[in-house]
Amino acid sequence: MLGDNHFADERNPRHGRASGEAVFDDNQPGVWVDEAEEAPVFDLGAYWRLALKHRILIIGCFLAALAIGAAMTLLMTPIYSAKATLQIDREAARVFTSAEDVSPRESMAQGEEFFQTQYGLLRSRSLAERVVESLGLASSDRALEELGVEPPAGGGSAAAQAERRRNAALAYVQDNLSITPVRGSRLVAVGFDNPNPVVAARVANGFSENFIQANLDRKFQSSAYAREFLEERIAQTKGRLEEAERQLVAYAANQQIINVGEPSEGGTNASGSSQSLASNNLVALNSSLAEARAARVAAEERWRTARTAEVMTLPEVLQNPSIQRLGEQRAQLEAEYQQKSSIYQADYPEMVRLRGQITEIDGQVRALATNIRASIQSQYVVAANQERSLQNQVDSLKGDVLDLRDRSIQYNILQRELDTTRTLYEGLLQRYKEVGVTGNVTANNISIVDTATPPVSPSKPNMIINLALAAIFGLGIGVIAALVLEALDETLATPDDVEKKLGVPVLGVVPLLDKGQTTAAALLDIRSGFSEAYYSLRTALQFSTPNGAPASLLVSSARPAEGKSTTAYAVALNLARVGKRVLLVDGDLRNPSMHRVVGVENERGMSNLLSGSVDLASVTQRTRQENLFFIPCGPLPPNPAELWGGDRLRQFLNDAGASFDHVVVDGPPVLGFADSPLLAATVGGVLFVLESRGTRRGQARGALRRLKMGRARLLGAVLTKFNAKTATYGGYDYAYDYNYGAQEETPAAKKGKKG
């Protein structure tokens, strides 16, 4: 039930609008929007209400999809899946190795390529052909029928028929084969699907066994070919090795080539042979020459510096310990001399003695510096002589080494040939021995972990999965259909529709009357849901302006028969019940009906008042309700719009405002007439009435657009004829049937109280 608290929470008492004043949106002419609030990006409640609204459609699609899914599942032929598990290692177990290293070794660098290759071999056509041949799956038409394949039609020779059977069986076997690697392991499941569980297990095991045998056959064929090839190559290489050894020995003896040390592993060093005596001596002398040249260059640089620079500035002189010690002594004597010079004359004996000592130290320093310069020169001379001596020795050995190299060219060629031939021979011999050992041991890197057994229950179709998929599909279709219908729905059924599609706040929701119940009777019963709805509307109007309900109020609608006259009468009636002096005016000068609701005559009324023939007091009539007064329409004028557009309307509202607290005008429909926009521009507020599921969005927008042109102050909308039994809004049913406690207690309740 929409009570006072409902509107007090949603409405700002100071401004009288729901969270901000409703204004027109320039992008959507004729529509008021709320400037203070924005619709949430994702409103879960809105989707839930949409689902409730179209629940029959969604449930129907859901049940239909379930029924279709169940029917299709029951009509499908059951398929059995048999699986055999294989273990595939990159290498076979190495039998002829140490005891602690007989397990296969895995290489992670190229492991994925290896296993993908094995999976490809399992799916290969050649393996499928081998399985078909070994199991006799295409031996006859009966064999094909047992496999589940219809025998191919057509005549021709026996060979042609056999080829067609073979192709049919081969295609069926490949289509129903499944290779499933076990993640994170070297295991792979080989599965086969067939209506016959025995046939499924037989074919799955046939693939496993033939895959292992095919792998062994490939290994045996490759090892046999390798042995034959290696035997031939070893014999040829052995003859070349012996001949190369004889040629090398003969050439060395003839050229008197003597090498120091044994050849390195591989037979040669960087030059192609072991080092000769002359080469070793030349290398040693050349190294000494490089050191002597470096020493000479350093000594020459020091001597050049010592010869051109001041002797006392040389680094060797400055860093000499003796000179540094003498410098310290001289500094002490100089300091003492300077101290006593202030007391004694220069010719004083003590001063003469100090000056002599200083002079003596200076002479010693110059002598040491001169000796250091001479020492630098001597070092340079010795280094130069040593360099020249070593250079002469190196020059003398160069000729011998060059001559030896000329004679060693052919020797090195023979040595390289011998080393290459020996390496090749040893490698071929080692490989031949390995092939000979592993070829006789038919170890395999593929093994069967679990053989396939005939499955007990079928794997396809899966009733639960199919029903789940059908349910998801049905729900999806239902939701999509509901969204499409909602997008195409132009009706305004709930308050949420009014606020979202029109942007107008809803001030009240009036429930639909039961069949046979009249509006007059419902309004007289103050405890009915109908009256309670208008009580809530009156409360909402009290918060619509800073001063309460507006002094002058126009009640209008987009089209006739939406409940605007009933709403105008009910609003006036409820305002009068709270002690307000209310003047109800029948403003529909084209099709008046309010006089019949109030129960008065329609001889004189607003048409006479607006034309100036009567005054306000003469047309105002009392009603059965205290404080409620009524002005009927009066005679129908030929030009109602001109009457409303005159100045007498404003004069009438001013006069009525002096005598009454509120003036409620039952206006004509907005669409098609100019009366309501003229009235809306003059009164203090407009109450817009909409019929639930009767007014379309386009009609309402058109009416609101016309009211905007008249600069109307829209207070809000009232949704009438709302079916509270079939619609919900925001989680609260609009059920205005609150029990006030007037009913008699049931016997069970009385019994409970006594207990």
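Modeller: Helix 16 (residues 529-542) packs against helix 17 (residues 564-577) at an angle of about 70°, and their axes are 9 Å apart. This is a predicted model, in which local features need pLDDT of at least 70 and side-chain atom pairs count only at pLDDT 80 or more, while totals for chains, interfaces and linings use all residues. Residues are numbered from 1 along each chain as its sequence is written, and side-chain values use heavy atoms, with hydrogens and water left out.

Biologist: Why are helix 16 and helix 17 called roughly perpendicular to each other?

Modeller: Angles of 65 to 115 degrees count as roughly perpendicular. The angle here is about 70°, and the two helices are therefore roughly perpendicular to each other.

Biologist: Which residues make the contact of helix 16 with helix 17?

Modeller: Contact means heavy atoms within 4.5 Å. Among the residues making it are F530 and Y534 of helix 16 and A570 and V571 of helix 17. By class, the contact has eight nonpolar, three polar and two charged residues.

Biologist: How do you know that strand 4 and strand 5 pair?

Modeller: Two strands pair if DSSP finds at least two bridges between them. Five bridges join strand 4 to strand 5 (residues 187-194), and the two run antiparallel. P181 stands opposite V188 in strand 5.

Biologist: What makes strand 4 and strand 6 edge strands?

Modeller: The open sheet has four strands in the order 4-5-3-6. Strand 4 (177-181) and strand 6 (446-450) each have a single partner strand, so one side of each is left without a neighbour in the sheet.

Methods
Axes fitted to C-alpha atoms, helices over the stretch in contact; angles between N-to-C directions. Parallel < 35°, antiparallel > 145°, perpendicular 65-115°, else oblique. Nonpolar A, V, L, I, M, F, W, Y, C, P; charged D, E, K, R; others polar.
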